[in-house]
Every structure is written in structure tokens, then in C-alpha cells.
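Subject: A structure for you to look through

Hi,

Here is the structure I promised you. Have a look at it first, and then read on for what I found in it.

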Amino acid sequence: MVNILATSIEYLKGVGPKKADLMKTELGIFTYRDLLYHYPFRYIDRTKVYDISEIKGTEQLIQIKGKILKKEILGAQRRQRLVALIEDETGIMELVWFRSVQWLNKMVVVGQEYVAFGKPNLFNRKINIPHPELELFTESSLKTQFLQPVYHTTEKLTKQRLDSKGIWTLQKNLQEIIYRKIPENLSKEVRERMGFITHSEALRFIHIPDNPKDIEKARTRLSFEELFFQQLKMLRHRQLVKTAFAGKVLHNLDLVNTFYDDHLPFDLTGAQKRVVKEIYHDMCSGEQMNRLLQGDVGSGKTIVAFVCMLIAAGNGSQASIMAPTEILAEQHYTGLKPFCDAMGLRIAMLSGSTKEKDRKPILAMLKSGELDFIVGTHALLEDRVQFKELALSVIDEQHRFGVEQRSRMWNKNQEVYPHVLVMTATPIPRTLAMTLYGDLDVSVIDELPAGRKPVLTVHRFENKRLAVFGFLKKELEAGRQVYIVYPLIEESEKMDLKNLDEGFQSIKRAFPEYKNQISIVHGKMKPADKDFEMDRFVKRETKIMVATTVIEVGINVPNASVMVIENSERFGLSQLHQLRGRVGRGADQSYCILMSDYKLSKDGRTRLETMVRTSDGFEIAEIDLKLRGPGDMLGKKQSGVVELKLVNLSTDGELIKQTRSIAQEILTKDPNLEEEHNKPMVEYFNTWFKGEKNFGKIS
Ligand code: ADP
Ligand code: MG
């Protein structure tokens, strides 16, 4: 069946090839369907006719109805304007036009009744309407009162008479041919249960509403659709993966127990134990695991990952752990190596800078199975990295990787896909996680290791700088190390680098006794230089680390006890939280000092106050989501995130939960959506989720 909505936009009445080209390049509208989903972003209420006497001059767009009393062209040449007086039962006001004066002068007829529409303006204590739209008043103009939608458009389109009104005309032309021809896309059960209007009605009312209730009904239904099909897709995908791909069964816990009994220097927290159990359960289930492990900075994700790697090794298989940067990979390697040595397990590290002569034997040992574990960066994704039998692939700081990379780790095993554990220290509010990682199971470490003292956080203005430096001096004298972080935002990169350098110089002056023990690190440095400086700090050769946010992720220096953040008002909340997580990793009391300008925006103040008040990453993430919207949390483009036009991920949390549970319910009852009543959903899905293969297959 040829689908009418797939018709190219140029065939629509009122479009043609030239406008079609513009619509493609300017708005990405290629087909009837694209136009249909180009929703208005607001509506102007033209159902009300104002009395002239009630107009205050501060209103948005309004309309009045009255008779033209008089008109004249005022001003010379270029300053010419047409001024007309319009009168209704309650008063008189001026209408003014500055453009097309001569032409309008011919059109406007004194003594005629018009409907004038525009935005009133207060000028010299007199109210007028500049450039109103004017329509001759007839009996039928009363009947055409409506809510007028307003569409996004562009200057180029406007020049081709595709302003908001022009687009609306196209929408009306489109509705003439498609209304009632668009098939329903939800089952009757869902529609009735939710009290929805039909799909077709919703798509009509959003463009051509008769009253505000229509708009509400249309938006409710269409928002639901946006999320529902996304959830359905992700849950289905998850279900398919589970049933189609067997996972290696890894029962044996002997090695893990040896580790617990003889090598683990502390007790796991309750949360860590729970998460290990969840993962172990997956690894024994016979199904392939795809699990996201969320845990705040310092919550101890690495050791959890290692325990899981031990499960793999204890069952005669291999495991890998991939980190986004060389430093992090190195840190994992040096952290895990002693355990491996003690237990007779073999671990190696592989990164972009591994020398060819070292790489060869590592690759060979991976392939032969002599190596139990491999730690590395993106270098692990290369095709030449092959395993004898990879049973578990851990990906640390998942948000730094794209989905594609996640799936590339999958193919590292020929017969059975490895279990995949992705970890992130960016706490994501639950509802957002459902949309971003809807195809993963989620585990959360919501408890910090015992004895960890919360980082004491304060906010200081510039006038306290001396005191702050005095405090740093005391900490340094006690043998601790200090971070001082400067913002680096791309647009003002040069400026910021200058700030950073000035900061570096001033710190040298302020701490003369440490002037050779100060590191500086920023994103513009060569990776090797950066690593060199980082390394010096890790080894305590330098005491002060002056840096931009490059130190944000994962770095672990337990001896560092103070984090000073300069211009902290310029950082996002999650970023502040991440930075603060760099300290408080040892037994000493740690501090975070938020330096800021006196002038703070409302949001800026909220961010700093939140930081001072709480260290709960999930609470902070919720607030961040409210302040900024979800954009920043998305990181690299994630799978399954379709463009959301009506839904706001930061405020529509309830809707997300609702659509997910309904989608889940449907799939539980009818896993392959084969039952007759579910057909509309399958049809819709298979027609419109392009490039994502059919519902029954795995994308
Ligand atoms: P993150 O979750 O941020 O990756 P890490 O795994 O780097 O955190 O752990 C931070 C520090 O806490 C490490 O030094 C680690 O050895 C330590 N740690 C982890 N779990 C525990 C625990 N249960 N008790 C005490 N220290 C722990
Ligand atoms: Mg970590």
C-alpha cells in the first residue's frame, strides 16, 4: 500500500518544486508527514473581539471590529505612513502602517466595517495598532473566528509567503486530503483506557482547533504517542535480546570468595553487595546481560566491576574493562594489578599509546587466552583486538561513549555475546534513565563506603580570597594536595585560557614555597603532556593542580583534600558535583570551596546553594534536570531517543512512567504483538520507525 503521508511535499496544493526545496532545507520538511508533524508552538486566540475602550496597550495580539472613520497619509517621502481611525461602540483608535502605504491607501475604504488584528502599542500615551491585518467585516467573518496556530518558520520561507499563516494554509490543504484517512495507531484498549480522541483527530485538532479543549486533547494524545512508541521499541528490543541471545552461564564463585576472604581490604557496602548479586543473577540466567550501573562518584563502582570480572575468570573466561581516557584506564590497571598478581591472574593494558612491540604479545595472549583481563581505552574496539573467550565487557563512564561503541564490544565474541556492564557516575533521574537507557536493566549504588566523610562545601565571594588561600596553605602544610579549577567554555576559549594562566601565575605568587610543585593541565595540551602532569600530581610530586574541567572524570587521588572552583557560577550543577567528587576519597576531611562573582543569576544562586546544602547525586541530578532540561544529560546521542516535540523530559516524568508501564503490560500479554487488537501499533511501528527494521527483528 502506498502511504499517502509518504508523498513528497511538493505535490501538496500550494507548494510546488521551488517552495518544496526551501521547506526541505529550511525546516527539514520532505513529506506530507513531516508537515503534519510540524506542530504549532502556540495559538493566538481570535475567538474574542475586544472593545476599543478595554484595550490598555499592553496586550499581545488582539482583534477589534469597527468602522473606518477617516484615513490620511502623513509624513514626507520615506517617512510616509498611513493613519486610519477606527471606531466601535466604545471608542476610537488609530491604526498605522509604515510599509506599502500607497497600496494600502487604495484598499482601505472609509465608512467600511473591518476586523483589525495586531499587537497594540502605547505611543505618546495614545494607543494604536501598528501594521494590523485588516479584513473586511462580513456576516461570515463572524463564523471564521478561531484559535490561530503559530508555526516556526524562517526568513527565507517568509519571503516565499510561507510565514506562519502560509504554513497554516498548507496544513489546511493537507487536512483536506488526509483527514480520516490516517489509520489509528493505538489499540482500542489503550485508547479507551486513556480516554483518547483518535490519532487522526489529534493530528487535525493540533493544527485546526475549534476550541482550547481540542488543543489539550490533541496534545495529550500526541505526547503520549511520542513516548509510548519509544518505550515499546526499547522494551521490545530488550525482550528480544534476552530471548534471542543466550548468555554464557557463569556459576562458579570460588574465585570471588577467595578474593573476599583473602584480598579485599575492606567490606563491600550493602549497596555494592546488592548490585553484585543482581549482576551475578544475570550472569547465571543464561540470557545475555545488558546492565547499567549507576553510582555516585566515589561509591565504589570499580571494585564491583572487578568482582564481576572475577566471576568471568573463575569460570574460565576473559573480561575487559574500557575507560574513556588513558589516565582512567591506567588508574584501573594500577589499581587492579596487585589483586591480580596476588591471585595469579593475568591482566594487561592496551591504549593508543601502547608501543607496537608491546602490543603484539598482548594481542597474542588475549587470543590464546593466556590473559584473563584486559584494561584499555577505545583501543580495545579495534578489530585486531580478539579474545579467546570474552564473557564480560565492562564500560566505565558510559556517557563518554556512544551507543555504537557499546555495541561494538558485543561482537568481540563469536558464539555467545559477552555480558555487558556499563557504568556511569552521572546520576540520571529515574524517568530520564527510562528514556535514555530503556533497553538496559539498571542497578544503583546508593550508598557511600562507611567512614567516608561528606565533603564540606562552602560558597565564598572574592573578598574572602585571602582567607581561602590561608586555608589552602594549612592543608598543604599538613601534606594534603589541592585542586584549583577554572571554567573553560568553548566560545570564550581564548579568554578562559588567559584566565587560567593568570590564575596559575597568581597561585605561584601566593604560594612561593610550592612554586615548583604546581601542575597545570588543560584541554589544549598535548595528551602526553597532560598525562605527564596528571601523573606528577598522582605521585604527589606536585601539590597543587591548576586545571580546567579535564580532571572531571574519574581521577582518584585520595590525598587531595581541597577542591577550589573558580567562577563556580559558570559551571552546571552536574559538573560541579563531578568536580567535587574528586575530593573526599581518603580518610581525611575534605573541602569544596565555590568561589564566585558577586553578581549571580537566579539559577546560578540555586546551583551554588544546592551544592552547599546536599551531596546526594540523585537529588542534584533532579534539580539540574529542572534547571537545564535534559539536553546536557544526554551526552553523546543515545539510541532510542527520538525527537520529542511535545514532551518535556524534565517535567513529564509521570507520563514517561505511565507510557512505560502500559508498553510493558502490552508486551507481557502479547510479546510478539500478534494479537489482532494490537495490529494498529505494529503497522504504525513498521511503517514509520524507518531504518530500525521491523518490529519483529532486532535492530
Ligand atoms: P567510583 O564509583 O567513583 O568509580 P571508585 O571505584 O574509584 O569510585 O572507588 C573510590 C574509592 O573507594 C577507591 O579508592 C576504592 O578502593 C574505595 N572503595 C570502594 N569500595 C569501598 C568500600 N566498600 N569500603 C571502603 N572503600 C571502598
Ligand atoms: Mg570510577
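A residue counts as exposed when its relative accessible area is over 50%, and as buried when that value is under 20%. Arginine 180 has a relative accessibility of 65%, so it counts as exposed. Please keep in mind that this is a predicted model.

**Two residues with a positive phi**

Let me stay with arginine 180 for a moment. You will find it in the loop between α6 (164–178) and α7 (188–194). Its phi is positive, about 70°, although arginine 180 is not a glycine. Most residues other than glycine have a negative phi.

Asparagine 567 is another non-glycine residue with a positive phi, here about 50°. This asparagine sits in the loop between β21 (560–565) and α20 (573–580). Is asparagine 567 buried, exposed or partly exposed? With a relative accessible area of 26%, asparagine 567 is partly exposed.

Now for the overall layout. The protein is divided into domain 1 (2–43 + 163–212), domain 2 (48–145), domain 3 (254–285 + 300–424) and domain 4 (456–614). How far apart are the C-alpha centres of domain 2 and domain 3? They lie 74 Å apart.

The largest nonpolar core has 83 residues, and the members that touch the most others are Ile9, Met23, Leu35, Phe228 and Ile374. Helix α9 (residues 212–244) gives the most to this core, namely nine residues. Why does the core lie between domain 1 and domain 3? It lies between them because both domains give residues to it.

Leaving aside neighbours within four places in sequence, its contacts are Val15, Ala20, Met23, Ile29, Phe30, Thr31, Tyr32 and Leu35. There is also a second, separate core of 47 residues, and among its members are Val275, Tyr280, Leu293 and Ile303.

**Phenylalanine 224 and threonine 659**

Phenylalanine 224 is in helix α9, while threonine 659 belongs to helix α24 (residues 653–669). Phenylalanine 224 has a relative accessible area of 0%, so it is buried. Threonine 659 is buried as well, with a value of 0%.

Not counting residues up to four places away in sequence, phenylalanine 224 touches Leu186, Val190, Met194, Phe196, Leu655, Thr659 and Ile662. Counted in that way, threonine 659 is in contact with Phe224, Leu227, Phe228 and Gln231.

**Threonine 354**

Where is threonine 354? Look in the loop between β12 (347–350) and α14 (356–368). Threonine 354 is buried, since its relative accessible area is 15%. Apart from residues up to four places away in sequence, it touches Met349, Arg359 and Ile362. Asparagine 3 is 351 residues from threonine 354 in sequence, and the two are 54 Å apart in space, C-alpha to C-alpha.

**Two helix pairs**

Finally, here are two pairs of helices to set side by side. The axes of helix α11 (residues 270–284) and helix α12 (residues 301–314) come within 10 Å and cross at roughly 30°. Their crossing is right-handed. On the α11 side, the contact involves Gln272, Val275, Val276, Ile279, Tyr280 and Met283, which meet Ile303, Val304, Val307, Cys308 and Ile311 in α12. Which classes of residue make up this contact? There are 10 nonpolar residues, one polar and no charged ones.

In the other pair, α20 and helix α21 (residues 602–613) pack at an angle of about 35°, with their axes 10 Å apart. The crossing of α20 and α21 is right-handed. From α20, the contact uses Leu573, Leu576, His577 and Arg580, and from α21 it uses Arg607, Leu608, Thr610 and Met611. By class, the contact of α20 with α21 has four nonpolar, two polar and two charged residues.

Enjoy exploring, and write back whenever you like.

Best wishes

Notes
Residues numbered from 1 in each chain as written. Chains lettered and ligands numbered in written order. Predicted model: local features only at pLDDT ≥ 70, side-chain atom pairs only at ≥ 80, totals over all residues. Heavy atoms only, no water. Axes fitted to C-alpha atoms, helices over the stretch in contact; angles between N-to-C directions. Helix = DSSP H or I, 4+ residues; strand = E, 2+ residues; numbered from the N terminus. Left-handed = near helix turned anticlockwise from the far one by under 90°. Contact = heavy atoms within 4.5 Å. Nonpolar A, V, L, I, M, F, W, Y, C, P; charged D, E, K, R; others polar. Core = buried A, V, L, I, M, F, W, Y, C linked by side-chain atoms within 4.5 Å. Buried < 20%, exposed > 50% of the residue type's maximum accessible area, 1.4 Å probe, protein only. Domains from an automatic or database assignment.
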